[in-house]
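Here are my notes on the model you sent, as numbered points. Please read them with the structure open.

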Amino acid sequence: MTTLKDLARHLGLSVTQVSRALNGHSDVSAATRARVEAAAAALHYQPNLSARKLVSGRSGIVGLVLQGRPLALDGELFLQFVGGLSAQFSRRGMQFILHVAEPGTDILDHYRRLIDGGALDGFVILEPTVADVRIDYLRERGVPFVVHGRLQGVTEYAFFDVDNHAIGRDLTEILIRAGHRRIAFLNGPRARVYAEERLRGHAEAMAAAGLPVDERLHRAQEMDENYGLVAAVELFSDPATRPTGLVAGSAKVAAGVLAGLRALRLRVPQDVSVVAHDDLLPTVQTEQLAPPLTVTASPLEASWAPLAAALAGVIAGEPVAAHQQVWPHDRVARQSVAAPAA
């Protein structure tokens, strides 16, 4: 079995250099890290976790604690997300485990047992809520963690996020600039931080244009195609709530909206304009919808490597400020927006 010393000898580096490269330390250059990771894969190096625990006090194991799977991630996407994270931690010589808690149980009790048992060095947190007890608890315990997202005004932890406030604002502005004044907003669940931030951006864009926010045009729930279809039928069947433009919180919601509009014999963009946020997932490709959608776009898979690097860095004692990243998004104009019909 290849040891750390064997790997160092093969590369002509010190054991310390190789160890720091495998553990994602920021003082190791990208070129050296890539060289070490390639050699580790070629020589089938596997870290001795028991020896690591004895020497460093760390297990080399991190985890994700869920109560069921996240509702925002369908089966295929969930496997991609967990698989992507696992692969990134593996590249850093770490192991990644999934701990699924029974619905209805105290989520903090699961964290407490895992921490007190000394099995895990840190945690990944998905889908943070506005008052997230997991973040408060891990901060109180002084346990390393990284969040996919971030709480408004609370930044004493590592995170990877997109600017959801700007996404909500940008999507709304696209429709306003095309002349729309009655704009529907199909958001995620209101308790989720990303949904609150997008709603704030939407309201900001409406206020900047001197337009009222009509709550009757808003929806908020877990984002899937059925949600989009039902919301479209409800909004466009009632003349009192009928918008001329619509913001969909995800590509899947937008696909459902388009299906609902077709059922109502409404055309996009001639009768209604539709924009969406696109996580660039393989399940729904917005450029292949009919019509191709105008979107803000940011690939979800771009989060996997930064999340793993951030948690590895925080565990190694690096400052959390060095591992706080907001990923940019693009605006992609296609054929789903036009001036409102007379």
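1. Start with Arg-134. The backbone oxygen of Glu-127 lies 3.3 Å from a polar atom of the Arg-134 side chain, and the backbone oxygen of Leu-126 lies 2.9 Å from a polar atom of that side chain. A polar contact here is a pair of N or O atoms within 3.5 Å; within protein, one must be able to donate a hydrogen and the other to accept it, and residues adjacent in sequence count only if both atoms are side-chain atoms.

2. On provenance: this is a predicted model, in which local features need pLDDT of at least 70 and side-chain atom pairs count only at pLDDT 80 or more, while totals for chains, interfaces and linings use all residues. Residues are numbered from 1 along each chain as its sequence is written, and side-chain values use heavy atoms, with hydrogens and water left out.

3. Where does Arg-134 sit? Arg-134 is found in helix 7 (residues 133–141); helices (H or I, at least four residues) and strands (E, at least two) are DSSP runs numbered from the N terminus. Arg-134 counts as buried because its relative accessibility is 11% (buried means under 20% relative accessible area, exposed over 50%, partly exposed in between, with a 1.4 Å probe and protein chains only). Leaving aside neighbours within four places in sequence, Arg-134 is in contact (heavy atoms within 4.5 Å) with Leu-108, Tyr-111, Ile-125, Leu-126, Glu-127 and Pro-128.

4. Asp-161 stands opposite Val-326 in strand 11.

5. Ile-61 belongs to strand 1 (residues 61–67). With a relative accessible area of 18%, Ile-61 is buried. Ile-61 and Ala-305 are 244 residues apart along the chain, and their C-alpha atoms are separated by 16 Å.

6. Another open sheet of 6 strands has the order 7-6-8-9-10-12, with mixed pairing. Strand 7 (218–220) and strand 12 (330–332) stand at the edges with a single partner strand each, so one side of each lacks a neighbour in the sheet. The twist averages 15° from one strand to the next. Strand 10 (residues 294–297) pairs with strand 12 in the antiparallel sense over 3 bridges, and Val-295 stands opposite Val-332 in strand 12.

7. Helix 8 (residues 164–177) packs on that sheet, touching strand 6 (183–187), strand 8 (245–248), strand 9 (273–278), strand 10 and strand 12, and its direction makes about 160° with that of strand 9. Helix 9 (residues 193–208) lies across strand 6, strand 7 and strand 9, running at about 170° to strand 6.

8. The largest nonpolar core has 30 residues, of which Leu-186, Phe-236, Leu-246, Val-257, Leu-261, Val-274 and Leu-293 touch the most other members. Such a core is a set of buried Ala, Val, Leu, Ile, Met, Phe, Trp, Tyr and Cys residues joined through side-chain atoms within 4.5 Å. Its largest share, 7 residues, comes from helix 11. A second, separate core of 26 residues includes Leu-85, Phe-160, Leu-300 and Leu-311.

Note on methods. Pairing = 2+ DSSP bridges. Axes fitted to C-alpha atoms, helices over the stretch in contact; angles between N-to-C directions.
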